[in-house]
Amino acid sequence: MGVKGEENKESLDLFLKIGLDERTAQNTLANSKVTASLTAVIHEAVVENGCSKAVGNLLYTIKNPTQLETALSFLGSVGPDNFQLNDFEVACGVGVDVSIEEIQCAAAEVLEENMDSILEQRYRINVGNLCGQVRKRQPWADAKIVKQVIDEKLYGLLGERTAADDEKPLRKKKEKPAKLEDQVRAVDTPSVTPSEEELNPFTIFPSPEENFKVHTEIYFSNGNVWRPHNTKEKLEIHLQETGCKVYTRFPPEPNGYLHIGHAKALFVDFGLAKERGGCCYLRFDDTNPEAEKKEYIDHIEEVVQWMGWEPFKVTYTSDYFQDLYDLAVELIRRGHAYVDHQLPEEIKEYREKKLNSPWRDRPVEESLKLFDEMRRGMIGEGKATLRMKQDMQSDNYNMYDLIAYRIKFTPHPHSGDQWCIYPSYDYAHCIVDSLENITHSLCTLEFETRRASYYWLLEALDLYKPYVWEYSRLNITNTVMSKRKLNRLVTEKWVDGWDDPRLMTLAGLRRRGVSSTSINAFVRGVGITRSDNSLIRLDRLEYHIREEMNKTAPRTMVVLHPLKVVITNLEGGSIINLDAKLWPDAQTDDASAFYKVPFTNVVYIERSDFRIKDSKDYYGLAPGKSVLLRYAFPIKCTEVIYGDNAETVVEIRAEYDPSKKTKPKGVLHWVAQPSPGVDPLKVEVRLFDKLFHSENPAELDDWLSDLNPLSKEMIPESYAVSSLGSAVMGNQFQFERLGYFSVDLDSRPGKLVFNRTVTLRDSYSKGGNK
C-alpha cells in the first residue's frame, strides 16, 4: 500500500472513531479539501481517540476553525442539559454558505473604512488585519477566498507593486525619555505627517541643462544607427531663449470633449511647469479640419481654466503651418521625403509586406514640383501624399515612411481656407515641440514606439530636440475613455450629451458636482507611473470626491419616495420649529451652523423605511414599533392605511413622544408639511450609477450591449425641507442618509433639480439605518 493509501486509511479510521457511518466517511475521503478540514477540526477538538456519534456529527457540520471555536464556546456556556440543536446551528453558522458577492461587499466596506491607511502605506498595509475585519462582518466566510478578494481589490486600487512598496521601513532607534522641558516643547509643536499634496511627484524629471544626452538609438535595417542628441551649441541657444526654464505643453486635438484621462495629462504638463517655475502652453493640435470644431476649442479653453491651470500661451499647430511647410520642403531637398501616389489601401498593403513605394526614389526636384502643386490645389484629394523616407524594413512599424502631408479641400476652423494640404500628427508634433522650445515633451505610453520617428525627423532637419518621457494612461473601471467611443455614445444618443453626469468627461463630472480639486487630488494620488496595465477602480475617485464634500457640503433632509405619516396626538395646525445641524460637529452657541425645520402633524418618511413585518436587524418603522425622527421626536406606528388593493400602504398613523423618553434604535430622516394641507418643497432628484456593468467594457467586442440600463434614475417629485428653496447652481449638500448632491443646470425658478454626486461612505440601504 502506498503513502496515499496509508493516509486515507488513517483518515478513514479517524472518521469512524467520531461516529461517522462508513458511507459518509468514504464520501468525505473523496474530497481532499473536506478531508483536510474535518481532520483539522477533530484535532482542534482533541477527540482523536473517539467521541459520541452526536458530537461527531456536529463536528462534521463545522467547516472552519472559527466555527469550531464558536461551537466549543457555545457548548461550554450552555451545558448538556440546556442544549438546543437549532440554537447551536444558528450560533455556529451551520449550513451558512457565504457567497463571493457577500465577501466582496464586506471587503469593499473594509477597504473604504481603511482608505487613508491604504493610500499612505500601500502594499505595506497589514493585509491580515483587513481580512480579520472582513471576517468580523462575515465570520463564516472562507478565509482563503477573503484573502484572495482583498488582494484583488488592493491591486485594483493601488496598481502594480513598485520597488518602494517592497522596501522595509526603517526602524526607529529607541530614544531616551525626553526631559520635561523637551516634552512640553513637543506638545506645543506636534509633528505633522506630510499630506498627499505636499509630496512632489516631479522629482523624476531632469533639468533643462541636462538635455544633451542621447535620447534614443534608431537602428536601421542596413546596419546604420542614429543617436539623436543636442549638441552643446544647440542646447546653449535653447537655454538662452528659455532662460533655463522648464517649458511644457498640453496639446489636445479639438475633436471632442476632454475626459478624466486628460486631467492626468493636465496635471503632468502644467504641474511640472508650475513646480519648476516654468511655462506650459495650451497648444491645440489642429491638423485635421474634418474632425475639429470651434465648440471643442471653446470647451477645452474653459475646462483647462476650471481645472485650475493657467496657460503660458494659447497656441495652435496651425499657427506654424508656414514653418511646417517650409521645413517639409527642406526635408525633400535633403532627400528625406518624397511625394507618393499610392492609395490608402496600397500603402497599408505595402507596409504589411515591408515593401517600398514605387515612387520612393523619384528625383528630389520632381517631388519638390509635385509638393508645390499639392500646396496650390492642383492635385485632387487622395491623389498624392508627402511621405517621410525612413525605413520600410525596420522592426518598428512607426518607421514605415510615415505620411507627412495629405490633401484636404476642407476649411480649417482656425486658419480658414488658406491651406488645402495639412500636416500629420507624426510630422507636426515633434517639430512644433522644437519650435516652441519645449524642454519636456510628456505623453502617454502608447506613443513610446513613436520615439524613433519623433527623433528621426528632428535629427533629419537638424532641429533642437526636447526630452521625451512617457507615462501610463489613466484608465478607470466601468467606463470608456477613447474619444471614438465617447463620440459614439453622444452622437447615437446613448447618453444625454458630452456633459452627461454618467460620463467620465470633465464636463460630465463637473455637471455631476465633482470639483476640480478632488479630481486633481485623485490624479496626484494615482501618481505619474509607467505601469501600463493598471485599471483604477472608480471607488478610488469616489473616495476623493466624498472626502472633499464631507468637509464642504452642509447637511439637509430630502425624502426621495415620500410616505405620509399622520401624527394623531399632535394638534393640526401646530408647528414646532426645530434646529437641524448643517454640520455634524455644530456647536449649540453657533446659530449659523443650524437651520430651522418645521415639525407638524403630517410628516413624510422614505417609503423604504417602513415595513409591515419587523425583524431584529431592521431599524425602520413597523406596526407597533418606534423610531426617532432626526432632530425631532420618537414616533410609534399605531395604524396602517391601505389603498384600494389592500396591499399598497398609502398612509401611516403614529403617535409622537414629546418627552423623548422613548429610546428607539432607528433614526430616520423626514420632511414635514410646512403648514396644514400644504405640500413640502418639491424637487427633482437624479441618481446615477455606473454607466457599464463590466469593469473594462472597452475590451468587449459588443461594448454597447454592456451599458447599464439602470445607470440613471429620475425622481420627479421628492420632498425637501423649505430651506433648500434658495439653492442655486453650484450649491452642494449632503442629503442625510442618501448621499452628496449638487444643483443641476436644468434647475429653473420653482423647479430645483439635484444630481447625486456620490453616495455616502456607508451607502444608503433600504429598510432604514441606525
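A residue is called buried here when its relative accessible area is under 20%, exposed when that area is over 50%, and partly exposed in between, with a 1.4 Å probe and protein chains only. The model I am presenting is predicted, so local features need pLDDT of at least 70 and side-chain atom pairs count only at pLDDT 80 or more, while totals for chains, interfaces and linings use all residues. Residues are numbered from 1 along each chain as its sequence is written, and side-chain values use heavy atoms, with hydrogens and water left out.

Let me begin with strand β4. Helices (H or I, at least four residues) and strands (E, at least two) are DSSP runs, numbered from the N terminus. In β4, 6 of the 6 residues are buried, so the strand is largely enclosed by the rest of the structure. In a regular strand the side chains alternate between the two faces of the sheet. On one side of β4 the buried residues are C279, Y281 and R283, and on the other they are C280, L282 and F284, which leaves both faces covered.

Next, the neighbours of β4. Two strands are said to pair if DSSP finds at least two bridges between them. Strand β3 (residues 247–250) runs parallel to β4, joined by 4 bridges, and Y247 stands opposite C279. From β3 the chain passes through helix α14 (residues 260–275) to β4 in a right-handed β-α-β crossover; right-handed means that, with the strands pointing away from the viewer, the path from the first strand over the helix to the second runs clockwise. Strand β5 is also parallel to β4, again through 4 bridges, with K313 as the bridge partner of Y281. Helix α15 (residues 294–306) carries the chain from β4 to β5, and this crossover is right-handed.

I turn to the aromatic rings. Rings of Phe, Tyr and Trp (its six-membered ring) pair if their centres lie within 6.5 Å; planes under 30 degrees apart count as stacked, over 60 as edge-to-face and the rest as tilted. The whole structure contains 31 aromatic pairs. One of them, F284 with Y316, is stacked, at 5.0 Å centre to centre and 25° between the planes. This pair links distant parts of the chain, F284 in β4 (residues 279–284) and Y316 in β5 (residues 313–316), 32 residues apart. How accessible is Y316? Its relative accessibility is 11%, so Y316 counts as buried; for F284 the relative accessible area is 0%.

A cluster of ring pairs links F321, Y325, F371, Y405, W419, Y422 and Y427. A charge sits over a ring if NZ of Lys or CZ of Arg is within 6 Å of the ring centre and within 35 degrees of the ring normal. By that criterion, the charged end of R375 sits over the ring of W419, 4.0 Å from its centre. K660 lies over the face of F633, at 5.1 Å from the ring centre.

Finally, two other regions. Strand β10 (residues 440–444) pairs with β11 in the parallel sense over 5 bridges, and S441 stands opposite V468. Of the 5 residues of β11 (residues 467–471), 4 are buried, so β11 is largely enclosed by the rest of the structure. An open sheet of 7 strands, with mixed pairing, has the order β21-β18-β19-β20-β14-β17-β22. Its edge strands, β21 (667–668) and β22 (671–672), each pair on one side only.
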